[in-house]
Amino acid sequence: MGSKKAEGHQQTPDASNSDGLKPANPDPKISQRGSSSADLDRGVVSDDDDDDDDANVEAGMNASTANIEKKKKRKRSKKKKTKTATLPATELKQTTPPRVLVSALFTSGYPTGELVPYENNSRTTEEESRYNSRLWDDDFLTDYRQAAEIHRQVRQYAQKELIKPGASLLSIAEGIEDGVRALHGHQGLEVGDSLKAGMGFPTGLCLNNVAAHWTPNPGGKEVILDKSDVLKVDFGVHVNGRIVDSAFTIAFDHTYDNLLAAVKEATNTGITHAGVDARMSDIGAAIQEVMESYEVEISGKVFPVKAVRNITGHDILRYHIHGGKQIPFIKNNNRDKMEEGEVFAIETFGSTGKGYLSDDVGVYGYGRNENVSAAHAHLSSAKSLLKTIDENFGTIVFCRRYLERLGVKHYHLGMRNLMENGIIDSYAPLVDVKGSYTAQFEHTILLHSGGKEVISRGDDY
Ligand SMILES: [Co+2]
């Protein structure tokens, strides 16, 4: 993550080093790559017409809902026995709010993302791809597709049920997080549980000129969604450290239709241009051209849509939301190429303001700087806080709400000490100028030997 820039200091797009560009997600420093061999196992949507749905439902429910469901099921099962032969097979379905494990819904493999074969090896059979690719271990695709399916189910529930004028941002964040935790079955309340599967980073809910990195904090002022707001929803789901990072924007007022359309098309352009050997410079230029072909009329005044200059898409490594690579949304001289086996968050932000973000007051979240040893923590309150962080989050970025649901109290002094010693980095909200509107769309893509898989693609975006 780039250091804070003084207001008015402009990052030139073609600066030869890209240190001033902020990745859209916090990027704890990286020292490892999680990869070994690959498997192109094909996820197939289960048609799940198992007659023994009682067992399935109970297995698929979390403890809280399982008991209620058990009672209902017992009543029904009596009737069922006499009629089994004539009844159609019952499919296990997701509930509202989502509480059924996706592993129970997809017993024979998770859905594949949108798969775009590479042009130069489109005739390679799947078998050959599987044989040739040694970049990922066997669970890689399964974990990624599970995380993506959870993201789709939870965000579609959020779009339908949670995100409405009058709703508090806290209720939306908690609704999303409860959904994610229920669908992979890891509540994250026992030590280490949220390292098995959990939130990929704090749920971002950013209004209007706030572009990124805002989440409700405990004790913070209640924020109510208004019908005139432009809301960015950016959340991550990880399974075994494989993080899906995907975001969308919602506006209720049609005034902002063009802003949303610009950013959605810009992100899809980035996805189209991404691939093995694609250069960041070419992707950025293509994104900017599409984004800046749009304008928005707000209250009779026309604003050009600007591609935001100092925040970028990024590669994703295991348990690290940001690797070392950055994908700007503007013309740039970054000669980095994408490589097979890599995972990227392709995202873009458009703005009616300056197209340049500054740190706002407040804290979005915290992330462990794994290059700094715990030995640097001297204060006892800092030591015990760091133990909790290392055991529950590792290098996954977390927020105050995630700490407090673990029962951690009075952590401010300890946290300040960890930050002063460089052990923990903190992240501030990123804003464009007051009165401006920003939008974001984002997908996670996998570059595997069989093609480019837009793992988080859904019917919604
Ligand atoms: Co991202």
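**Entry 1**

In which strand is the place of H314? I found H314 in strand β11, residues 311-315. I note that the model is predicted, that I read local features at pLDDT of at least 70 and side-chain atom pairs only at pLDDT 80 or more, and that totals for chains, interfaces and linings use all residues. My residue numbers start from 1 along each chain as its sequence is written. I take helices (H or I, at least four residues) and strands (E, at least two) as DSSP runs, numbered from the N terminus.

I looked up the burial of H314 and counted 28 other C-beta atoms within 10 Å, so H314 is buried. My cut-offs are 20 or more other C-beta atoms within 10 Å of the residue's own for buried, 12 or fewer for exposed, and partly exposed in between, with C-beta atoms placed from the backbone. D245 is in strand β7, residues 242-251, and is also buried, having 29 other C-beta atoms within 10 Å.

I then consulted UniProt, where an unreviewed entry lists D245, H314, E347 and E442 under "binding site". These four span 198 residues in sequence, yet no two of their C-alpha atoms are more than 10.8 Å apart, so they gather at one spot. I record that UniProt positions follow the numbering used here, that feature names are shortened, and that annotations may be inferred rather than shown by experiment.

I located H213 in the loop between β5 (210-212) and β6 (230-239). H213 counts as buried, with 30 C-beta neighbours inside 10 Å. Leaving aside residues up to four places away in sequence, I found that H213 touches G204, Y364, Y427, A428, P429 and L430; contact requires C-beta atoms, placed from the backbone, to lie within 7 Å. H322 is in the loop between β11 and β12, and is buried with 28 other C-beta atoms within 10 Å.

**Entry 1: Helix α9**

Which residues of α9 are buried? I noted M280, I283, G284, I287, Q288, V290 and M291.

Terms used: Two residues are in contact if their C-beta atoms, placed from the backbone, lie within 7 Å.
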